[in-house]
Amino acid sequence: MLSIDALPNLALNNDISKEILNKDILWKIENDCDIDEKISILFLMITDYMDGFKIIYDLLKIHQENKTYILTEFINKYPQNWKNKLLEAICIIQNLQIIRKLGLSFNYLNLFYLPKNRLFSRYVNLTAKCLYLLCETLSEDKIKLLLQYVKTDIIEYNVNLKDSDFLELHMLYWMQENYISINLDGTVKLENLLKHLKKIEDLESIYDDLKNHENHRDVLDIQHINTSINTSQLQTFFIKEHKISLNNEENIRKIKKGLCIIINQMFFMGEKYEIRFGTETDCMKLLETFKGFNFITKEFNNLKKDEILKMLEDIPKTFGVDYDCIFVCILSHGYEGGIISADEKEVKTEEIEYKFCSIELKDVIKIVIIQACQGKIIGQVEDSLVTDGFINCNISKNILSYRNFCIFMSTIQGFVSMRHKEKGSWFIQEFCNILQNGKDKITFLQAVSKTIDAVGEKKGVLNGINSVAQLPEIKSYRLSSDFQFPEYQAQV
């Protein structure tokens, strides 16, 4: 009973690193890294894992003898795409000092790179990222135990690694010896490592993820996809620290009065789209959540395209403008770039944005939550899953009306979105649970980050396909600040 709410458009601007990084500041970055971090960064950036051990071991030896800048040395020899890989690696190792000095906000990098998610990467090798996170997970005692296990298999172990504390360097040596492997074609061989990880306690989750890497399932590695460059879209994810700081309470707006509008599309007029069983569960959860924040709530059911657009356009007239925040939650089938109306017409997200962003609401925080498919690709991780399968905007309009706006999507563009026919969708249920259970009045971006992580950890079976997974994303981010929900009060 898992269903989907129906290709990836990964043409996000991923190249802000070109504007931020250059070789002149590499030495400054190195000065803010200890040797452990440098080895980890190199491990994440390298592409030739068969020769990776020799490359990094030689650099480490030079560093120990001459205190050279080994990141600079490596990048001079292997310059391909170094800026993107370096920025993602810095985010993964979470060196916040470097990120701050680059003038970036880690909170936004975190949403873009998902550094703790073992099933997602943009530029670094995904399996290498997962292995690095394994290194970070293991305690010193467990590292020693793992090395003992491996050395029982590799009898003539490299004597130069006898006293090395760099587990990543050991892993590169294992690759050199073909004990494990990461291949350029995306295939990996990890069975020798997995058999030992299975013996070590508290590693079940990372064991399962590495097992999926070996089977090439349940992962979203987009590093080899060519993406078009669009600098304006990049601003969605990379916000300068001086403009917004999630750590500065003065920049977090407090919500006192809010409105939540739910467009709940369960039935469709033709035969092309199935009845969206389970959507009523999501609708009830949203109503419960936003009523708990003392929001005014209004539910609309099975709207046609013209009705959706007119309702959005008439929000100021119908509901007024005296709000700190307005949420519009749309539960429907979808396609890449939009949702499906009850009369089975396509409604682009740009149309939704255009109608919602009126000049009367320019100072009101406007959030669109969309539970719908954005394509046909199944992101391979409970039975009972199903899926939730253009206006001319060249009219003159005050650009200020687009301020304070954001869309939070249930899935990445191009991919399907999961909905249980009884329990509701992964995305809506997790988002509401996080809002309800948020301590000390949770902020919106905190809830977004936790929802992405929580949904990203879910796995299921859809139409006989194992390990189906889903990953939400945030887009069209133009909020001037993060905002904080009122204290949640459960309704009696």
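At what angle do helix α19 and helix α20 pack, and how far apart are their axes? Before I answer, please keep in mind that this is a predicted model, in which local features need pLDDT of at least 70 and side-chain atom pairs count only at pLDDT 80 or more, while totals for chains, interfaces and linings use all residues. Residues are numbered from 1 along each chain as its sequence is written, and side-chain values use heavy atoms, with hydrogens and water left out.

Helix α19, residues 426-437, packs against helix α20, residues 444-456, at about 135 degrees, with the axes 9 Å apart. That makes α19 oblique to α20, since angles under 35 degrees count as roughly parallel, over 145 as roughly antiparallel, 65 to 115 as roughly perpendicular and the rest as oblique. On the α19 side the contact (heavy atoms within 4.5 Å) includes Trp 426, Phe 427 and Ile 434, and on the α20 side Phe 444, Lys 450 and Val 455 are among the residues involved.

Let me turn to positive phi values. Most residues other than glycine have a negative phi. Gln 94, however, has a phi near 60 degrees, and its place is in the loop between α6 (82-93) and α7 (96-101). Gln 94 counts as partly exposed because its relative accessibility is 29%, where buried means under 20% relative accessible area, exposed over 50% and partly exposed in between, with a 1.4 Å probe and protein chains only. Asn 302, in the loop between β8 (296-301) and α16 (305-313), has a positive phi of about 55 degrees, and with a relative accessible area of 27% it is partly exposed.

Terms used
Axes fitted to C-alpha atoms, helices over the stretch in contact; angles between N-to-C directions. Helix = DSSP H or I, 4+ residues; strand = E, 2+ residues; numbered from the N terminus.
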